[in-house]
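Q: I have the model open and would like to talk it through. Could you start with the terms, please?

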Amino acid sequence: MSVGITILSTSWRLQQRLGHRKYSSLLRNKAFINGAWVDSKDGQKFLVKNPSTGEELGDVPDMGAREAESAIEHAYEAFQSWKHTTAKWRSQILRKWFNLVTENQEELARLLTAENGKTLAEAEGEVGYGASFLEWFSEEAKRNYGDVVPSPSRNKRMLFIRQPIGVAAMITPWNFPNAMITRKVGAALAAGCTAVVKPGEDTPLSALALAELAEQAGVPPGVLNIVTCGRENAPAIGKVFCESPLVSAISFTGSTQTGKHLLQMSASTVKKASMELGGNAPFIVFDSADVDAAVAGAIGSKFRGTGQTCICPNRIFAQSGIYEEFCAKLSTAVSKLVTGDGMSPGTSVGPMINERAVEKVERHIEDAVAHGAKVLTGGKRHKLGGSFFEPTVVRDVPREAVVCSEETFGPLAPVIKFNSEEEVLSLANFTRVGLAGYFYSQDMSQVWRVAEGLEVGMVGINETAISADCIAFGGVKESGLGREGSKYGLEEYSEIKYLCFGV
């Protein structure tokens, strides 16, 4: 009786929060394994809270190693039939899933904002972005071509075919709880693989809503599994994912430190690994740049998701000729950003995900100021309290400041002065990570030199909105392995088999 009352009350609270009568069809308080909605074996649950209000949205199963092993076994069993389905049929299933996500975009967005905190406009954008991967891979499923190789011998015929790799285990982050799942799962299912997903501990509700829609779209039992857990059980599930001989591929989006640990554990079974890891994105404004456009680009990328994105600018370099103008215009524009609850109309910056994230931003600002930097706007916790933080601009940041070598993941824009192209390329590349980079310049010769010289996987030139379903998303150095999205996304879940015919 008490359990039923708890589930009913949490559902009611969440529906009241989301304020939409249709939402109840997507609310799930259980994990999704082998086509069934299940609790943890020991009945343990963990709370999901709204970062804007601290309100308890509901609870979901706090699963561990046993449940992860069960999900993998079911995924492996389902793979034995799913791999033999036609590409056209898988395409049709993914297209139905895409249609359902699109039809439910508003409900999914409100849920995302409730558990993540980003503004409703950003959440709606993410859901649309996430849906685009289901559409993209529904189309790419039919184009996973092989090759015919000209034979060096008259009595042989040679060709390559692509086959699905097997069960793919995926660990997704809280900052894009919708799109990071569809980008990985869409590719895996299109290739003929099955998937087991552990969503971010702070944002499991979006993952479960996607699973509900996948089930409605006709994804068979065991093909998609969602294993939820709290922070304490996450390492145990990660260990199972990496060491299970039934898992053929591991895909992770998150910190470089965690990615390295997962790679070490995966070595025992030699898994194919796709890692989208941390960034320290440089944002460069040259003297020839359109300063107003650069300011708009910096704000749009830096403060999206309250600065909690892996490709947002972490170090902003402005050349000496436009340095004062850029700092003044940037700080003025940032001071006008509206911080508040993501559900509230007019909010441009929501809360940070938790207290630990706030403390890191504070540490970076304090360190920069200690090294001689000056705060132009913001610089402290917001008067709203909780995990809200003022959008901040700091100028005259020296290269010794910790923000130059460590990803902030928050609403802090540190501005660094430079004099020459050679100097700024050296500064921008002086890091062990290389996910994304941006620069603004009207000098076409310089555009080519800098675009080729930046040691990153993705470059935005006079543009910061670089993400799309059709682009190969990924980094170099310690920012990861492999690519997601684009025609290359299927390669992370496919094997090439060589066939040689004697004739």
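A: Buried is used for under 20% relative accessible area, exposed for over 50%, and partly exposed for what lies in between, with a 1.4 Å probe and protein chains only. This is a predicted model, in which local features need pLDDT of at least 70 and side-chain atom pairs count only at pLDDT 80 or more, while totals for chains, interfaces and linings use all residues. Residues are numbered from 1 along each chain as its sequence is written, and side-chain values use heavy atoms, with hydrogens and water left out.

Q: Okay, how many salt bridges does the structure hold?

A: The structure holds 26 salt bridges, a salt bridge being a side-chain nitrogen of Lys or Arg within 4 Å of a carboxyl oxygen of Asp or Glu.

Q: Which residue does arginine 381 form a salt bridge with?

A: The partner of arginine 381 is glutamate 362, and their closest N and O atoms are 2.8 Å apart. Arginine 381 sits in the loop between β14 (374-377) and β15 (392-395), whereas glutamate 362 belongs to helix α12 (residues 355-370), so the pair ties together parts that are 19 residues apart in sequence. Helices (H or I, at least four residues) and strands (E, at least two) are DSSP runs, numbered from the N terminus.

Q: What about arginine 395, buried or exposed?

A: Arginine 395 counts as buried, at 14% relative accessibility, although its salt-bridge partner, aspartate 396, with 3.1 Å from N to O, is partly exposed at 34%. Elsewhere, salt bridges that share partners join Arg183, Lys184, Glu276 and Glu484 into one network.

Q: Changing topic: which residues make the nonpolar surface patch?

A: Phe160, Ile496 and Tyr498 make a nonpolar surface patch of about 300 Å². Patches consist of residues with over 30% relative accessible area and no salt bridge, where like charges are joined within 9 Å and nonpolar side chains (Val, Leu, Ile, Met, Phe, Trp, Tyr) within 5 Å; the areas come from the Shrake-Rupley method with a 1.4 Å probe, and for residues only the protein chains shown count as cover. Isoleucine 496 is part of strand β22 (residues 494-502) and is exposed, with a relative accessible area of 55%.

Q: Now the sheet: how many residues of strand β10 are buried?

A: Six of the seven residues in strand β10 (residues 247-253) are buried, so the strand is mostly covered.

Q: Which strands does β10 run parallel to?

A: Strand β10 runs parallel to β7 (residues 167-171), with five bridges between them, and also parallel to β11 (residues 272-276), again with five bridges; two strands pair if DSSP finds at least two bridges between them. Phenylalanine 252 in β10 is the bridge partner of isoleucine 171, while alanine 249 stands opposite lysine 272 in β11.

Q: Last one: where is phenylalanine 241, and what does it touch?

A: Phenylalanine 241 is in helix α8 (residues 234-243) and counts as buried, at 0% relative accessibility. Not counting residues up to four places away in sequence, phenylalanine 241 touches, among others, Ala169, Met170, Ile171, Val247 and Ile250, where contact means heavy atoms within 4.5 Å. Phenylalanine 241 and glutamate 69 are 172 residues apart in sequence, yet 8.1 Å apart in space, C-alpha to C-alpha.
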